[in-house]
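Thank you all for making time this morning.

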Amino acid sequence: MFRFSKWQALIFIAGLIFVLLAAGCGGSAGKALHPDGKTPVVAANAGAPLTVKVFDVGQGDSILIRTKEQVALIDTGDVPAIDKLVSMLKSQGITTIDKLIITHPHADHIGGAAAVFDNFTVKEVYDSGQKTTTNVYKQYLTQIQKRKIPFTVVTAGMTIDLGGEAVLKVLAPEQPFISGTESDLNNNSIVAKLVYHSFSLLLTGDAEQEAEDRMLKKDAAILKSTLLKSGHHGSRTSSSLPFLQAVSPEAALISVGVNNDYHHPHPSTLKKYKDKKITVYRTDTDGTLTVTSDGKTYAVTKER
């Protein structure tokens, strides 16, 4: 019979304890939180077929969607965040963007477009068809023409295929554009529902209540989504109660800058989310937000 010496026995026991502790830690990890913010904390969806990153680009929007087959970028943040955006994309190993989608031509959504064209291969561009006279918009158009990138104006009813069985169902804008509001550019933002099997994420650009009302009248049922990217950085001009009721999200993701001049997100909007028990994630306090999904379940990971 094999016998342990005293020291061999101690080493064996220590090794056994280490293995048991490692196994016990294996099922939990990281900062991945389900919407209740408590359970379960699972690193699970690492390598999941769908990943969405709501980048922390300060006061602006930039959202990366990766499926098994394609890379899509929705908006490019504002000019001050150009270097940060390029760095974040490169850190993800991105060299090619299959689809660049600009929800509307405000600087905090289109400001980094020129840098994206300079640093990455962009295969296709989609936008709302709205035009402005700003230099940042002119540079954006010039780059598309110079590089001869295929360009599509998006309208409600279209579907954009992201490969790997993921699609963007475009819900807005539609013609004729909404006009006469305090911000027609916001109200004619591209609104699209990312659908991957039973998981969905409603991406709203800066759509305000007028746009929400129009979508509600057209087809309220289609708005229902697992998650909501909060409209207009959590402004009080978006997330009306009827709209929230139709979307009925489990969590809202707010892209917003620290101590921004607009005081986004607005307390009244946060109260609506709280009253409806919608978990809130914010890039100003949580950093870049990562959503992973296998098409049935999902996890939200906070950078900090």
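Let me begin with a term: a residue is called buried if its relative accessible area is under 20%, exposed if that area is over 50%, and partly exposed in between, with a 1.4 Å probe and protein chains only. What you see is a predicted model, in which local features need pLDDT of at least 70 and side-chain atom pairs count only at pLDDT 80 or more, while totals for chains, interfaces and linings use all residues. Residues are numbered from 1 along each chain as its sequence is written, and side-chain values use heavy atoms, with hydrogens and water left out.

With that in hand, Phe199 is buried, and Tyr298 is buried as well. Their rings bring us to the aromatic pairs, of which the structure holds 3; rings of Phe, Tyr and Trp (for Trp, its six-membered ring) pair if their centres lie within 6.5 Å, and planes under 30 degrees apart count as stacked, over 60 as edge-to-face and the rest as tilted. For Phe199 and Tyr298 the ring centres are 5.8 Å apart and the planes stand at 45 degrees, so this pair is tilted. Because Phe199 belongs to strand β11 (residues 199-203) and Tyr298 to strand β16 (residues 298-302), the pair ties together parts that are 99 residues apart in sequence. Strands here, like helices, are DSSP runs numbered from the N terminus, a helix being H or I with at least four residues and a strand being E with at least two. Elsewhere, ring pairs link Phe117, Tyr137 and Tyr140 into a cluster.

Let us turn to strand β5. Of the 7 residues in β5 (residues 96-102), 6 are buried, so this strand is largely enclosed by the rest of the structure. Which strands does β5 pair with, if pairing means that DSSP finds at least two bridges between two strands? On one hand, strand β4 (residues 71-74) is joined to β5 by 3 bridges, and the two run parallel, with Ile74 having Ile101 in β5 as its bridge partner. The chain gets from β4 to β5 through helix α2 (residues 82-91), and this β-α-β crossover is right-handed, meaning that, with the strands pointing away from the viewer, the path from the first strand over the helix to the second runs clockwise. On the other hand, β5 pairs with strand β6 (residues 121-127) in the parallel sense over 6 bridges, and there Ile97 stands opposite Val122 of β6.

Next, the interior. In soluble globular proteins, nonpolar side chains tend to be buried together. By a nonpolar core I mean a set of buried Ala, Val, Leu, Ile, Met, Phe, Trp, Tyr and Cys residues joined through side-chain atoms within 4.5 Å. The largest such core in this model has 30 residues, and those with the most contacts inside it are Ile65, Leu168 and Leu194. Leaving out residues up to four places away in sequence, Leu168 touches a list of residues that includes Ile65, Ile74, Ile101, Met158 and Leu203, where contact means heavy atoms within 4.5 Å. A second, separate core has 27 residues, among them Val57, Leu64, Leu73 and Phe120.

There is also an open sheet of 7 strands, in the order β8-β9-β10-β11-β12-β13-β14 and with mixed pairing. Its edge strands are β8 (159-161) and β14, each of which pairs on one side only. Within it, strand β12 (residues 227-229) runs parallel to β13 and is joined to it by 3 bridges, and Leu228 stands opposite Ala252 in β13.

Finally, some backbone details. Most residues other than glycine have a negative phi, and most peptide bonds are trans. As for phi, Asn259, although not a glycine, has a positive value of about 50 degrees; Asn259 lies in the loop between β13 (251-254) and α9 (267-275) and is exposed, with a relative accessible area of 73%. Lys277 has a positive phi near 60 degrees, is found in the loop between α9 and β14 (279-282), and is exposed at 72% relative accessible area.

Definitions and conventions. Two strands pair if DSSP finds at least two bridges between them.
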